[in-house]
Amino acid sequence: MSDNGAVLDVKNVTVTYETDKGPLHTVRNVSLKIAPGEIYGLVGESGSGKTTLARAVVRYLPANGKITSGSIKLSDTDLYQLPREEVRKIWGSRVTMVHQDPNASINPSMLIGDQIAEMARIHLGMNKKQARDRAIEMLTRVRMPDPESVAKRYAHQLSGGMLQRVLIATAMSTNPEFMIMDEPTTALDVTTEAVILDLIHELMADYNTAILFITHNLGVVARLCDKIGVLYAGEIMEEGSIDEVFKKRLHPYTRGLLGCVPRVDASKKDISLSSIPGYIPRPDDLPDGCIFAPRCELVEDACEKERPPLKEIAENHFSACRRVDQLQEKIERKDELREHHEEELGDIVLEARNIKKYFPFTPGIGSLFGSKKAELKAVDDISVRMRSSFTMGIVGESGCGKTTLARCIAGIEEATSGEIELQGKLLAYSVKKRPHDTLKKIQMVFQNPDASLNPQHPAGDSVARPLILLRDMSRKEVREKVKELFKAVSLPEDYIKRLPHELSGGEKQRVAIARAFAADPALMICDEPISSLDVSVQASLMNLLTELQDSAGTSYLFISHDLSAVRHISDWIAVVYLGRLWEIGSAEDVFIPPYHPYTEALLSAIPIPDPEVKQDRIRLKGSVPSPLNIPSGCRFHTRCPRKYGKICEKEEPPWQDMEDGHRICCHIPLEELRELQGDGLLKKSSAGGGS
Amino acid sequence: MALANGEEKKKAGVSYLGKFFPRLRRYPTTYIGFAIILAFLFIAIFGPMIAPYHYSQQNLALRLDPPSEEHIFGTDQFGRDIYSRILVGSRDVLTVAGSGTALAVFFGLLLGLFSGYRGGLFDEMVMRAMDVILSIPPLLLAMVILFALGPSRVNVILVVGFLYIPMVARVVRSVVLELKTRQFVEAARMRGESSLYILYKEILPNVLPSLAVEASMRFSYSIFLVASLGFLGLGVQPPSPDWGLMVGEARTWFYQAQWVLYFPAGAIALLVVGVGFMSDGLRRMLLPGGVSDVG
């Protein structure tokens, strides 16, 4: 241990990349200390240099990256001065890493047990037998069910959550002093994420490892970490203990980031989300003064002249803002209150009844011999009804059939059975057979902004095409309308001529929204439109969607696995699991008990960016069963934390109605659910902080 | 997410061409490749004007004369100037290999586009037919066809085109298969675009980079094939100054006069290397993953 007891002590590190255009200083003057057993959360938007910093502190940079100044100490070892060969010995033994994508981090052609044993053999000098025992021991430590058999399996035989556990087991197997976790839960479902976060938390009690935890999710930091550092464009803006930083928020950037996260206790009817205007500056184009000044709302002339250093405001709480005093005065979150719209029931736009979509499925080599065909029941009897100017949120874990349902309604996928009625008219299953005038009424915004625009077409052409094809406009009208649409989605007019690769992810999604609105749709299907974007971009897109709905009266079918986003934007919420609906009701009702045990588990898994909120811990076991082999009775009984009894395995549960159309499909009587679930999951220990 | 990482930085809006040239600079072989091809193109166009002698002008007094001031590449068995013959012969190689490639690219593109987009039985039939062509060694198949049709310039072009259709079709099809699941294609289907519009406007522009790379590779293989057929006497007929044919004829005189073989063979090699460099450079410039861009 070094004199101050920190495992990792980084001082004034600057990382420089050699590029064609000259040196780029992507991380500048960053210092951080992590004590044994401490979890340090590093947050920031994409492009802020989180991963570069993490790799730099263990000297794991690509060939053109270099640490150009500073010092790095790992306990007593001076990592910065150490020759390359020595550093390699430290990797894997004293320093380990858990990556974001578990599928890419595990060798698919090697047994799980052998992979963990390899670490023990190389770094701990164990023989084969000892290493094997060590692997089983590690798998047991990460609470892997049946570790002996898991050790003999390959990566493709495990689910994402299990793979992430294997990675954690591998990283922990050499008992490292320091561990980097780079977005380890980002690729996972909320429910799995919650389980993994619990696991990391529990393991911390047994090991004394210092952890650098990189994430863009403030809720995850609040739940797991002891300390937080907010990184922006390669510099730390604020650093301190979790409680201090989340309570006081002594930097406008921290405040902005937290303001972007939708709250589970308010919806678009009450507030619009605050968002941070502008973009993160590129490392070759930094402002002279405070690097956050161009996007800051507290900016004054002096901010733009000199770059403020990181100052200690309170004990162990640092901020790089000149105007900390003003920030200390007003702590309250400034949500813009919206006029509460009185709800009036619009006309029914879409009615989908008993939609089913079965995919024929013949496993593996059997298809060669014409073996019996199985059916993959992606959507199994779902009905939804939507009114105009109304948002229906659909939530559920991945693989539950949300997207397939949307694609059936859109007609890209042909439903197996059921009825789709648009404004009173029955629609054909396939989009090819639908008449022209109904085509324009259903539009879709897709998940991946990179794939949803043609890379060879200028943004304006993408938006213009539906105008020409579906609305028969003349060339002049089209030009005017494109300008109008770009204005409506807040993009400058010169973007009309840009190609998609010249736009950021958020801007591409705005173009996609403009394209969808160009057809003047009655129903817009949003399939996870914001999930691959940064929080500040998410917030501004949700505000945009809300504004457009107010002015155009379009209905949205909003699919997401992010419950807080769905809560914010939706009027009604439908909870889907294994191709069926389990609960449906207004957004307010679904979030207060009694709720379906599945909804309850989803809600308790939401990472809430407020360390004072105490959530009940309801965790789901295992992963979603395969839709090829749906459990009998209630489909949820295999994972249900509140399983009622034998009846759940035998009989399909009935729908139970409550007030205002709120319905639950469960065997447990409502009164009993109400009693079990008490006041709900989201309790606050004191009435401070946000609300 | 890591995905958005590069994107945010790209914001300033560098034009497509602007990004080409720094990349080009990093790979000097690309420049060399382009220079070689330009030089050969120049020779093909102006060859007969630069050539000091007529390609078929015989001088029996000077048979198999070693390289000298009058005949810098020496003379062949009929006393013809090899230098002049190579200059003029470049025209044959480039036009025959070029037209053959163009033919393969055109039909391969059509087949690949429709086969990939339509899928189903049509796709299955087209691809199996392609497999049949691919299963026979190309030189053997070319020889069989040329024996049947009789050797001539046009027939060589047809054979080269025919033999390379499957390769082009396969590459195009694989790109189309990936593109047609992209969401911009789904968006087009949702607004009721016709299949032809989707193929032509949405998919084709995104196939072109891969097609350009494939075409340049096919071109270098075509040069080989044309030269090989010439060597076997199945290509352009004498007295045309075909490089492959010249190498073939030179075999007999190799022990007396090695230059007769070296110069035409060297010309073939140089051209193929040039095209190879260019195709390598095209791949680095046009296809993602070919270049590691940091920053």
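**Figure 1. The aromatic cluster of A:Tyr232, A:Tyr253 and A:Phe292 in the predicted model.** In this predicted model, the residues A:Tyr232, A:Tyr253 and A:Phe292 come together as one aromatic cluster. Over all chains, the count comes to 14 aromatic pairs. The ring centres of A:Tyr232 and A:Phe292 are 5.2 Å apart and the planes stand at 90°, so this pair is edge-to-face. Because A:Tyr232 belongs to strand E9 (residues 227-232) of chain A, whereas A:Phe292 belongs to the loop between strand E11 (271-272) and strand E12 (311-314) of chain A, the pair ties together parts that are 60 residues apart in sequence. Both A:Tyr232 and A:Phe292 are buried.

**Figure 2. Nonpolar cores, with the surroundings of A:Ile228.** In soluble globular proteins, nonpolar side chains tend to be buried together. The largest nonpolar core of the model holds 138 residues, and the members that touch the most others are A:Ile168, A:Ile200, A:Phe213, A:Ile228, A:Ile513 and A:Met524. When neighbours within four places in sequence are left aside, A:Ile228 is in contact with residues including A:Tyr40, A:Gly41, A:Val43, A:Leu218 and A:Val221, and also with A:Glu238, A:Glu239, A:Ile242 and A:Phe246.

**Figure 3. Arginine side chains over aromatic rings in chains A and B****.** In chain A, the charged end of A:Arg663 sits over the ring of A:Trp655, at 4.6 Å from the ring centre. In chain B, the ring of B:Tyr164 has the charged end of B:Arg218 over it, at 5.1 Å from the ring centre.

Figure 4. Most residues other than glycine have a negative phi, and most peptide bonds are trans. The peptide bond that runs from A:Pro593 to A:Pro594 is cis, with omega near 0°, and A:Pro594 is placed in the loop between helix H21 (587-590) and helix H22 (597-605) of chain A. A positive phi, near 50°, is found at A:Arg249, which is in the loop between helix H10 (242-248) and helix H11 (252-260) of chain A. For A:Asp472, phi is likewise positive and near 50°, and this residue lies in the loop between helix H16 (459-471) and helix H17 (475-488) of chain A. A:Arg249 counts as buried because its relative accessibility is 9%, whereas A:Asp472, at 65% relative accessibility, counts as exposed.

**Figure 5. The contact between domain 2 and domain 3 of chain A****.** The domain assignment places domain 2 of chain A at residues 245-337 and domain 3 at 388-410 + 429-573. Taken over C-alpha atoms, the centres of these two domains of chain A are separated by 30 Å, and the contact takes 19 residues from domain 2 and 17 residues from domain 3. About 1,400 Å² is buried between domain 2 and domain 3 of chain A, with 59% of this area given by carbon and sulfur atoms. Of the area that domain 2 buries against domain 3, A:Pro262, A:Lys268 and A:Leu273 supply 42%, more than any other three residues.

**Figure 6. The helices of chain B****.** Chain B has 11 helices and zero strands, and 47% of its 295 residues count as buried. Among the contacts in chain B between residues at least 6 apart in sequence, 71% join residues at least 24 apart.

Note on methods: Residues numbered from 1 in each chain as written. Chains lettered and ligands numbered in written order. Predicted model: local features only at pLDDT ≥ 70, side-chain atom pairs only at ≥ 80, totals over all residues. Heavy atoms only, no water. Core = buried A, V, L, I, M, F, W, Y, C linked by side-chain atoms within 4.5 Å. Buried < 20%, exposed > 50% of the residue type's maximum accessible area, 1.4 Å probe, protein only. Contact = heavy atoms within 4.5 Å. Phe/Tyr/Trp six-rings, centres within 6.5 Å; stacked < 30°, edge-to-face > 60°. Helix = DSSP H or I, 4+ residues; strand = E, 2+ residues; numbered from the N terminus. Lys NZ or Arg CZ within 6 Å of the ring centre and 35° of its normal. Domains from an automatic or database assignment. Buried area = accessible area lost by both parts, 1.4 Å probe.
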